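We will go stop by stop.

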Amino acid sequence: MQLGIVGLGRMGANIARRLGAAGHSCIVYDVDSSVVQQLADEGAEGAGSLEDLVARLEAPRAVWVMLPAGEPTEQTIDALSKLLTADDIILDGGNTFFKDDVRRAAALKPQGIHYVDVGTSGGVWGLERGYCLMIGGDKEPVDRLDPIFSALAPGRGSITPTPGRGGRDPRVEQGYIHAGPVGAGHFVKMVHNGIEYGLMQAYAEGFDLLKSRASEVVPPETRYDLDVADIAEVWRRGSVVSSWLLDLSAAALAEDAALSGFSGVVSDSGEGRWTVEAAIEQEVPLEVLTSALYTRFRSRQEHTFAERLLSAMRYQFGGHVEPTSGK
């Protein structure tokens with residue numbers, strides 16, 4: 001299947017690579033022409049502009065926008081809306097606010113252009129592991145793009161289906177879901193990232209407590225100099241708290257148990273705030289997720305071992321380097 005991809009950053013470029021490896025044809029564009037050339041050297045078809053990209057696609061076209069949320073995505077979708085025609089599809093795979101999806105879809109509808117929002121999780125590991133996809137949009141364009149979603153998703157792998165699932169949608173067992181109408185995909189991804197904040201915070205605080213047991217404030221008879229790298233490693237094996245985030249924490253701690261290469265400054269990329277805003281709108285209490293968001297705010301003022309581990313986890317799964325990090 002043919003797909004245009006706009007935005008060849010850490011995830012956009014790997015999305016093109018994964019699709020190419022699966023036999024799909026990708027026409028790619030980025031404002032950085034050197035990245036376009038690199039992907040072209042690897043087998044994709046490079047475009048010199050949005051106009052060029054659209055001209056190279058066969059109708060009905062599909063263009064995946066993989067850019068930072070906000071103005072970059074907004075401006076690109078606006079430009080594409082002037083180039084595409086009825087029955088074409090625009091996909092937004094970035095971390096967009098779900099209400100912006102609804103607004104964009106309504107603006108594109110009079111032209112007959114379909115809009116599909118794709119919450120995409122997988123970070124820098126997606127090329128190898130695949131991407132968990134949370135999709136919003138009308139059934140017809142989503143079904144039309146199924147070969148793309150199937151190729152990007154991780155597949156069933158060694159994970160057995162949950163007992164009792166019965167006749168439910170088999171796509172979810174492959175790692176992708178049509179969550180609902182426009183906006184539903186990014187809403188699910190927003191909550192996913194809010195939960196991610198809480199899980200990361202729980203690990204960070206727990207390891208901070210382990211690390212500080214050697215502190216002089218602790219009575220000598222129960223003062224333990226614990227090896228947090230080994231503890232992370234043993235918890236990966238049979239523990240109920242094992243997870244990919246713990247795997248990433250273990251990797252960071254094995255490299256440097258003091259995490260001295262990380263500043264402890266932890267950014268938030270928007271989804272955590274939007275999750276809390278949605279909780280207020282829906283009157284749903286989110287004590288843990290709200291606290292985790294506030295801790296990221298605090299990290300810009302004081303930096304503990306917990307914040308350094310949060311920073312390390314973000315670097316491990318997403319390649320995020322915080323502004324003052326020595327990494």
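**Stop one: a pair of charges**

Select E45: its relative accessibility is 31%, so it counts as partly exposed. This is a predicted model. E45 and R56 form a salt bridge, and their closest N and O atoms are 2.7 Å apart. E45 sits in strand 3 (residues 45–46) and R56 in helix 3 (residues 50–56), so the pair ties together parts 11 residues apart in sequence.

**Stop two: E74 and its partners**

Select E74, which is partly exposed at 23% relative accessibility. Then show R103. The closest N and O atoms of the E74–R103 salt bridge are 2.9 Å apart. E74 is in helix 4 (residues 71–81) and R103 in helix 5 (residues 98–108), 29 residues apart.

Next, show R104. E74 forms a salt bridge with R104 too, at 3.1 Å between the closest N and O atoms. Is R104 buried or exposed? R104 counts as buried, at 4% relative accessibility. R103 is partly exposed, at 42%.

Together with E74, R103 and R104 they are linked in a network of salt bridges. The count of salt bridges in the model comes to 23.

**Stop three: helix 13**

Select residues 287–298, the 12 residues of helix 13. From first C-alpha to last, helix 13 reaches 16 Å, close to the 16 Å expected. Colour L289, T290, A292, L293, T295 and R296: these are buried. What covers the buried residues of helix 13? Show helix 9 (184–211), helix 12 (271–282) and helix 14 (305–318), which are among the parts that do.

Key. Residues are numbered from 1 along each chain as its sequence is written. This is a predicted model: local features need pLDDT of at least 70, side-chain atom pairs count only at pLDDT 80 or more; totals for chains, interfaces and linings use all residues. Side-chain values use heavy atoms; hydrogens and water are left out. Helices (H or I, at least four residues) and strands (E, at least two) are DSSP runs, numbered from the N terminus. The expected span of a helix is 1.5 Å times one less than its number of residues. Buried means under 20% relative accessible area, exposed over 50%, partly exposed in between (1.4 Å probe, protein chains only). Contact means heavy atoms within 4.5 Å. A salt bridge is a side-chain nitrogen of Lys or Arg within 4 Å of a carboxyl oxygen of Asp or Glu.
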